[in-house]
Amino acid sequence: MADPRFYSVAGPFSLKQLAGIAGAEIGGAADPARMFADVAPLQQAGARDVSFLDNRRYVQAFAESGAGACAADPEFAPRAPPGMALLLTREPYRAYAKIATAFYPAPAPIPERAGTAAVDPSARVDEGARIESGAVIGARAEIGRRTRIGANAVIGHGVAIGDDCNIGPSATLLFCVLGARVIVHPGVRIGQDGFGFAPGKGGHLKVPQLGRVIIEDDVEIGANTTIDRGAGPDTVIGAGTKIDNLVQIAHNVRLGRHCIVVAQVGISGSTRVGDYVMIGGQAGLTGHLTIGDGARIAAQSGVMRDVGPGDDVGGSPAKPMKDWLRGVAAVERLAKKRGG
Amino acid sequence: MADPRFYSVAGPFSLKQLAGIAGAEIGGAADPARMFADVAPLQQAGARDVSFLDNRRYVQAFAESGAGACAADPEFAPRAPPGMALLLTREPYRAYAKIATAFYPAPAPIPERAGTAAVDPSARVDEGARIESGAVIGARAEIGRRTRIGANAVIGHGVAIGDDCNIGPSATLLFCVLGARVIVHPGVRIGQDGFGFAPGKGGHLKVPQLGRVIIEDDVEIGANTTIDRGAGPDTVIGAGTKIDNLVQIAHNVRLGRHCIVVAQVGISGSTRVGDYVMIGGQAGLTGHLTIGDGARIAAQSGVMRDVGPGDDVGGSPAKPMKDWLRGVAAVERLAKKRGG
Amino acid sequence: MADPRFYSVAGPFSLKQLAGIAGAEIGGAADPARMFADVAPLQQAGARDVSFLDNRRYVQAFAESGAGACAADPEFAPRAPPGMALLLTREPYRAYAKIATAFYPAPAPIPERAGTAAVDPSARVDEGARIESGAVIGARAEIGRRTRIGANAVIGHGVAIGDDCNIGPSATLLFCVLGARVIVHPGVRIGQDGFGFAPGKGGHLKVPQLGRVIIEDDVEIGANTTIDRGAGPDTVIGAGTKIDNLVQIAHNVRLGRHCIVVAQVGISGSTRVGDYVMIGGQAGLTGHLTIGDGARIAAQSGVMRDVGPGDDVGGSPAKPMKDWLRGVAAVERLAKKRGG
């Protein structure tokens, strides 16, 4: 059970309600009226808890779990312990996400304008917005309905933030326009100057950065991630894209819709990334590339050429996944031969 | 045209004025009195806009551009569309930087001492400085003329900041001395303890870090970059050096003058880097190395040995660029042989 | 000598006192009553300074040093210049750490509650704690004795921080419980949502993150490092573990006791790391791994499989150190053969 210091739980819900929430089917002979009070991991769950099995690694934990109910793929139903009610679905993790959200809905922000916040008189802040202590909001900024500006966050002049956004504490947003339902975690830096210099022996000349950052609806941006504003064109993050912590997005980058960008990735200037692209942790992409829709880039890859739609690449310099793995295997054989 | 929410444009300027600003020659038959109102990328520029061509990739966009004027290398002059005025120069990107700065000069900070700023009475803050909301300035700190301390930035006790510096919101500067015209982007961390421990089975002992960080004139430091103070000697960033976002500079590092350090690079303790060194994104340098003047270190390199002046290295562990590329090619051939 | 702008020095101490502090033996004929006023690096130290020799690279500097006293391994005693008093120990760096701490003890925080701090009335803040300007402390948070909350730091609702902790400026601590003597450097992000999404074509569903971050005693966390809270289980950092700058620790990770995690490392979700593990800079560990006690992971490694206790691994994908080095050598030979 989630620590009540930090969380409060809704519910309880019946198995039937949960099946409806999750879009799952009740497995076998379970009683649809059975009540559940919480969610819990397989290893800790008890009779009134709902859990989930999504990763084959945890089938044994599933088989031994005391969970009263579990979202699982029908394939694993035979391994369920007696007495466990099953919520059968091909997408058990999505089912769990919906159930957990029912038990722990994100609380609506309580409207507030903290006494120590500094809001420029020309800013337009919706009455239902929440402006926490120490937040600073610049001239002509616009803050939408039910949007929260966390403690000590800084919103620069002219910045527009849509409805139902959650801006974490100590984030700084400059020269940007955000859609609705955007989540910005603590310490995120949006809209500062891109790294634009005209190099030369007399010293590198700073190139004015005259674009913006456009963040579309439903984007989430992880803690301490940095997104520079465009040099002339804008930097754009497409709707539904999720960016993890400590990621670097350079000026003029365009990220498509529903991408997943794992922690510590770096994307260099003017690279365009399609929709539903997955980029593994610590991968780096050089500038001016085009990455096709649905491409998958392995962790720690160094991508120096365009990647086609749906392609899988890995290694540094990155190549098709299959070729990279062959190269790794070839080096291993070679090393053994010599070692032997 | 840059979004007027965020930017205001100066000018207009005549072609002749622009040639003077850029140090360029007017190409062919263009009218020196023709007026220009803005800068714009090649693809969006119109008849009253100035653009630039710096990357061979964009020659086609140049040939099709509607820009009224364009800074370009004489080599590409024959590809210019009819009616485009050319500003000919061997350094078109530097020319553009100067022209864009003329249209969009960095605004001088308006002197201010915000009501919610907390300035220690013993601090010496120039009257022309700008101290924004929520900024905190410690005992005996010194803030120079026309220097801006951004919202919620924290300047520690004793820190000295020169004239015309721009310290971004939420940056923290401790145990450091800055020259003039230094730009520190949001969330930068300067001067915290270096990672100094005397390891051992009884637990790692903390080693007091007794040095400073010295930032020379005209340095720029990217968002969320971290620069630890020296353990005894100082950590030093040489004049004119430009550091991108999320870079880690460990204690006692000395970076030379006019270096370029791209995002997510890590430089370990006590390494000395010469002048005009370029370090590509995500490269890592181990400690106690010497990197010669003008060396170039490729992105994602892992540098474990000294690098000579002017040398190019790549790979992890890093080797001369040529050897690294040969190794990459050799592995590819080997993989194909087996695959075939 | 440390810059008096920033540091004040204790002492002086006699050689005999220093030997006691350091747990070292006085070498040869040195006078135990000789007085010392400061610590300094070998190259700068004078007759009244204490220095140390820990790295074989610096033996020449040791032989030429003007230091009045030096902590060193007995092995190097014959290289000491005449007149240098020796503090002989097998652990000279630990000896130096103790001596430097005697000269420069961490100052106890002066109790304060700054006027611009915003402390929720339901928070329990010890009277001896120091709450600096602009700090924000949420509902029901608890702050221990002699703990410092730095300027503009944000402590979320319910967070509990033990005694003698030092929370740097602009850090944000949410959904977490800290032990005693924890050092959190500026800009650290603890306890934000982990990167939990149930991916899918209709858009990625956010999975509620219901755990906490538990930081045990004597942990140190570097600037701008991010530690996400658990998804259900907690994220745990074991006692005495030291984490450098810009490190990413994902949800549900368990780091053991007395680990050393160098800058820019990334550890993916649910990975368990044993005690006394060392992880070099920029290494990445994928999720759901088990890393045994005392393992050593080289810088820039990409760890994709479990690592046994005491094992050394390197490379990406990581393999036993010996195998990795053999592979590197094999590729070099191959490249030369072709090149020749």
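I'll start with one pair of strands in chain B: β6 and β7, the latter covering residues 85-88, run parallel and are joined by four bridges. Within that pair, A69(B) stands opposite A85(B) of β7(B). Keep in mind that this is a predicted model.

On its other pairing, β6(B) meets strand β5 of chain B, residues 49-52, again in parallel, through three bridges. There, S51(B) has C70(B) as its bridge partner. In a regular strand the side chains alternate between the two faces of the sheet. What covers the faces of β6(B), or rather, are they buried or exposed? Both are covered: A69(B) and A71(B) are buried on one side, and C70(B) and A72(B) are buried on the other.

Next, a sheet further along chain B. It is open, has twelve strands with mixed pairing, and runs in the order β8-β11-β14-β17-β20-β25-β28-β31-β34-β37-β39-β40. Its edge strands are β8 (112-113) and β40 (319-320), each of which pairs on one side only. Inside that order, β28 (residues 242-243) and β31 (residues 260-261) of chain B run parallel and share two bridges. I243(B) is partnered there by V261(B) of β31(B).

Now chain A as a whole. Its secondary structure comes to four helices and 40 strands. The C-alpha trace spans about 75 × 70 × 30 Å along its principal axes. Of the 340 residues in chain A, 61% are buried. Among contacts in chain A with a separation of 6 or more, 18% are between residues 24 or more positions apart.

One helix is worth a check. Helix α3 of chain A, residues 92-103, has twelve residues, which at 1.5 Å a residue should span 16 Å; the end C-alpha atoms are 16 Å apart, so the two agree. How many of the twelve residues of α3(A) are buried? Ten are, so to speak the helix is mostly covered. Among them are Y93(A), R94(A), Y96(A) and F103(A).

On to how the chains relate. Chain B can be laid on chain A by a turn of 120° and a shift of 0.0 Å along the axis, with an RMSD of 0.0 Å. That is the relation of a three-fold axis.

The contact between chains A and C takes 56 residues from chain A and 72 from chain C. About 4,800 Å² is buried between them, and carbon and sulfur atoms give 61% of that area. R5(A), F6(A) and R94(A) supply 15% of what chain A buries against chain C, more than any other three residues. R94(A) is also one of the buried residues of α3(A). Four salt bridges are counted between the two chains.

Over all chains, the whole structure has 57 salt bridges. I'll take two more. In chain A, the side chains of D164(A) and R146(A) meet at 2.7 Å, N to O. D164(A) lies in the loop between β16 and β17 and R146(A) in the loop between β13 and β14, so the pair ties together parts 18 residues apart in sequence. D164(A) is partly exposed, at 32% relative accessibility, and R146(A) is partly exposed at 39%.

The other is between R212(B) and D3(C), at 2.9 Å, N to O. R212(B) sits in the loop between β23 and β24 of chain B and D3(C) in the segment before β1 of chain C, so this pair joins two chains. R212(B) is partly exposed at 23%, whereas D3(C), at 15%, counts as buried.

Note on methods: Residues numbered from 1 in each chain as written. Chains lettered and ligands numbered in written order. Predicted model: local features only at pLDDT ≥ 70, side-chain atom pairs only at ≥ 80, totals over all residues. Heavy atoms only, no water. Buried < 20%, exposed > 50% of the residue type's maximum accessible area, 1.4 Å probe, protein only. Pairing = 2+ DSSP bridges. Least-squares fit on C-alpha atoms with pLDDT ≥ 70 in both. Expected span 1.5 Å × (residues − 1). Contact = heavy atoms within 4.5 Å. Buried area = accessible area lost by both parts, 1.4 Å probe.
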